[in-house]
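Here is a short briefing on the model shown below.

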Amino acid sequence: MLKTTPLNAAHRALGARMVDFGGWGMPLNYGSQIEEHHAVRRDAGMFDVSHMLVIDVHGAGARGFLRRMLANNADKLQDPGRALYSCMLNDEGGVIDDLIVYFLCDEFFRLVVNAGRADKDLAWLESLKERFDAALELWPRRDLAMIAVQGPNARERVWQVLPGTRAATEAMRTFHGAQLGELMLARTGYTGEDGFELMLPAARAETLWSALIGAGVKPCGLGARDTLRLEAGMNLWGQDMDESVSPLDAGIAWTVDLDGARDFVGKAALLARPQSRQLVGLVLADKGGVLRGHQKVTTLEGEGMITSGTFSPSLGRSIALARIPLGVNAGALVQVSVRDKQLTAKVVKLPFVRNGRILINLSQLTVEEKP
Amino acid sequence: MTTPEHLKYTETHEWVGTEADGTLAVGITDHAQEVLGDIVFLELPPVGKRYAQGEACAVIESVKAASDINMPVAGIVVAANDGLVQSPEQVNADAYGAWMFRIKPDKPADIGGLMDAAAYAGHAAK
C-alpha cells in the first residue's frame, strides 16, 4: 500500500501518471515532462514535495546538536530565517542524507529531509540525541504539506495567490525562509531557479494548489524535477551519493566545514580519507543515445561511472553527473559505454543551467576527431 | 488510449500494419509511448538486415528510460523512417502515424499469430 500526500486526489484529477517513488504514490508527469521542465525554466511550475519530511528541532541544545550532527557549520545560521544545505554523515564519513536546515528562531530549527530516507534519518537523529545527551525534542511534521513553486515568475504568482505574504517576503534573500502564521515560505528549491518552497497544514494544501493553478502555475512531476535538478548540478541521494560515498567524492566538499576545531560526526573519517575521486558534469558530444546512471566512463586517468544521466531539455543534449578519477579536467573528452557503443562526452564545470541560462558552450561541443 | 482495428500488435507493444505491397510497417503503440514518456532518441535497424522474430532490432529512448523495439515477425528490413530519427517526439504526438521501419516478412502468414486490437487492448490494460 503506497503512502499518499494530501494532494493525491488533485494529481489524479489532473490525469497525472502516478509512480511508486520510495513507497510514495507520486506524480511522474501530467503529460509531457519536457513541457513541465520548460515551464519552470521560463515561467513558473510547481511540485508536490509533501513526501519529504519536515523535522522540527526544539530546545536549548538544538544549535549545539546541529554543530555536532551536520557536516556544514550550523554557526553560519545567525540571522533568523537563514537556511543551510548540509549532509549528515555516519561515523565512517559516508552520507546518510542531505538536507536543508532553517534557523527559525532561538532554540527552533527546521530540517527538511528526503522522503526515502525519513525513517532512517529519524532513527539516526534519535540515536545522536542519546549519544550527545542533547536537550532537545525532534518533531516529525507529517501534518504538513509542502509545495515547491519554482521559476522566474514563481514568487510573483505566489504573492498573487497569497497577497498577505508579499510584504514579509519581498525583500527576503535567497536561502532564507519565514514563518507567517501556519505557513512557512522559503526562497529555496531543487531546480536552479528562483522560487518558494511552501510548507503548510495538510488540510490547506489542495486549496492552495488549485489557486496556484488558477494563477498560471504549471503542475510538474518528478520527471521534470529530476531533469531540472540535474541541469542545476544538484545531487540526488541514492544516485550521486550514499552511505558508502564521502561527500568529498560527491562534489559537495563546499558544504563540508573541515576548518577549525569544531568536531562533527564523520569528521575524523574524512580527515583520514582525503578526496579520491571527483563528481563532474558530462555533456554527450556524439549522437547515439542517452547517458544513464551506471554507464562506464573511460578517462585517461582511469575508469569512472555515471551516477545520474538524462536528456537535458534546456540543452537539447544528453547530460550526466559522473564520478571519475582526479586529474581529469573540464574540457577533457571521455568515452562512455552506452549500450554496445563507446560514445564521446565532454567534461564540464557544473552547473549546466542556472536561472534560465545555459552555462555550457554548446558550439564547442562538436567532436571532430575521436581521441 | 486508442487501438486501431486495422493493425496487429505484439506483446512487447509494437504495432504492425500491412502495406499495399505486402511489406509490414512497424511502430510502437500509443500505450507504449505513454508509458515511456517524452521520446528523445531513436536508433533504427539497417536496411537489408534480416532479424528473427522477437529479436531486438531498434532502440527507443525517452527522457526516463531506454527500451528495445523487437522484430514482430521474422524478415528483412526494407526501409527505415530516417525523418523520425530527426524528430522522435513525433512518436508521442502520433504513435500510429510514426512508422519506424518496414519489413518484408519471411512468411507473410506469421502476421496471423499476432494480436488483434481487442486482444491487445486487454493486454495493455493489465
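Two residues are in contact if their C-beta atoms, placed from the backbone, lie within 7 Å. Helices (H or I, at least four residues) and strands (E, at least two) are DSSP runs, numbered from the N terminus. This is a predicted model, in which local features need pLDDT of at least 70 and side-chain atom pairs count only at pLDDT 80 or more, while totals for chains, interfaces and linings use all residues. Residues are numbered from 1 along each chain as its sequence is written, and chains are lettered from A and ligands numbered from 1 in the order in which they are written.

**Contact between chains A and B**
- Chain A gives twelve residues to the contact and chain B gives nine.
- On the side of chain A that touches chain B, two or more residues each come from α2 (33-42), α8 (222-231) and β16 (302-312) of chain A.
- That side of chain A has three nonpolar, seven polar and two charged residues.
- Nonpolar covers Ala, Val, Leu, Ile, Met, Phe, Trp, Tyr, Cys and Pro; charged covers Asp, Glu, Lys and Arg; the others, Gly among them, are polar.

**Helix pair α2(A) and α8(A)**
- A:Gln33, A:Glu36, A:His37 and A:Val40 of α2(A) meet A:Gly223, A:Ala224, A:Thr227 and A:Leu228 of α8(A).
- By class, this contact of α2(A) with α8(A) has three nonpolar, four polar and one charged residues.
- α2(A) and α8(A) pack at about 55°, with axes 8 Å apart.
- Axes are lines fitted to C-alpha atoms, for helices over the stretch in contact, and angles run from 0 to 180 degrees between N-to-C directions.
- α2(A) and α8(A) are therefore oblique to each other; under 35 degrees counts as roughly parallel, over 145 as roughly antiparallel, 65 to 115 as roughly perpendicular and the rest as oblique.

**A:Cys220**
- A:Cys220 sits in the loop between β13 (218-219) and α8 of chain A.
- A:Cys220 is buried, because 28 other C-beta atoms lie within 10 Å.
- Buried means 20 or more such atoms within 10 Å, exposed 12 or fewer, and partly exposed in between, with C-beta atoms placed from the backbone.
- Beyond neighbours within four places in sequence, the contacts of A:Cys220 include A:Glu36, A:Val40 and A:Arg225.

**Chain B**
- Chain B has four helices and nine strands.
- Their order along the sequence is β-β-β-α-β-β-β-β-β-α-α-β-α.
- The C-alpha trace of chain B spans about 35 × 30 × 25 Å along its principal axes.
- Buried residues make up 43% of the 126 residues in chain B.
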